[in-house]
Amino acid sequence: FFLGGTSQFISGSEGNIEISSSKFHLDNTGNVTMQGTITATAGNIGGFSVTNDALSSTNFLISGSSTGNN
């Protein structure tokens with residue numbers, strides 16, 4: 001099946017699915033290409049806490065804040 005046009009579509013063939021939009025593309029092998037911002041409004045992702053300027057878990061911290069912990 002094929003729904004959409006050349007720049008935005010959902011297609012399926014031989015058990016594979018492909019989805020494409022202006023800033024998102026999921027190919028038939030499972031690779032995802034995205035542009036834009038990723039947010040986690042439901043909370044943590046995979047055990048990591050996500051804030052505006054840090055990604056952290058137990059004994060692990062990546063911070064983009066100049067006043068963050070080292």
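## A buried aspartate

Asp 27 is buried but makes no salt bridge, and Lys 23, the nearest side chain of opposite charge, sits 20 Å away. Some terms before going on: buried means under 20% relative accessible area, exposed means over 50%, and partly exposed is in between, with a 1.4 Å probe and protein chains only. A salt bridge needs a side-chain nitrogen of Lys or Arg within 4 Å of a carboxyl oxygen of Asp or Glu. On charges, Lys and Arg count as positive, Asp and Glu as negative, while His and the chain ends are not counted.

What does the side chain of Asp 27 have a polar contact with? That would be the side chain of Thr 29, at 2.7 Å. A polar contact here is a pair of N or O atoms within 3.5 Å; within protein, one must be able to donate a hydrogen and the other to accept it, and residues adjacent in sequence count only if both atoms are side-chain atoms. Asp 27 also touches Ile 17 and Glu 18, leaving out residues up to four places away in sequence; contact means heavy atoms within 4.5 Å. As for its place in the chain, Asp 27 belongs to the loop between strand E4 (24–26) and strand E5 (32–34).

## The model and the whole chain

This is a predicted model, in which local features need pLDDT of at least 70 and side-chain atom pairs count only at pLDDT 80 or more, while totals for chains, interfaces and linings use all residues. Residues are numbered from 1 along each chain as its sequence is written, and side-chain values use heavy atoms, with hydrogens and water left out.

The protein chain has 0 helices and 8 strands, so the pattern along the sequence reads β-β-β-β-β-β-β-β. Helices (H or I, at least four residues) and strands (E, at least two) are DSSP runs, numbered from the N terminus. Of the 70 residues in the protein chain, 10% are buried. Among contacts with a separation of 6 or more, 0% come from residues 24 or more positions apart.

Strand E2 holds Phe 9, which counts as buried at 14% relative accessibility. Setting aside neighbours within four places in sequence, Phe 9 is in contact with Phe 2, Leu 3, Gly 4, Glu 18, Ile 19, Ser 20 and His 25. Phe 9 and Ser 22 are 13 residues apart in sequence, and their C-alpha atoms are 9.9 Å apart in space.

Ser 11 is in strand E2 as well, and at 16% relative accessibility Ser 11 counts as buried. With neighbours within four places again left out, the contacts of Ser 11 are Phe 1, Phe 2, Asn 16, Ile 17 and Glu 18.

Two strands pair if DSSP finds at least two bridges between them. In general, strands of a sheet pair through backbone hydrogen bonds, either parallel or antiparallel.

E6 and E7 run antiparallel and are joined by 2 bridges, with a hairpin of 3 residues linking them. Ser 49 is opposite Ser 56 in E7, and Ser 56 in turn stands opposite Leu 61 in E8. E7 and E8, also antiparallel, are joined by 4 bridges, and their hairpin has 2 residues between the strands.

## Positive phi in two loops

Which residue in the turn between E7 and E8 has a positive phi? It's Asn 59, at about 60°, in the loop between strand E7 (54–57) and strand E8 (60–63). Asn 59 is exposed, at 80% relative accessibility.

Glu 14 has a positive phi too, near 50°, and is a residue other than glycine. Its loop lies between strand E2 (9–13) and strand E3 (16–20). Is Glu 14 buried or exposed? Glu 14 is exposed, with a relative accessible area of 77%.
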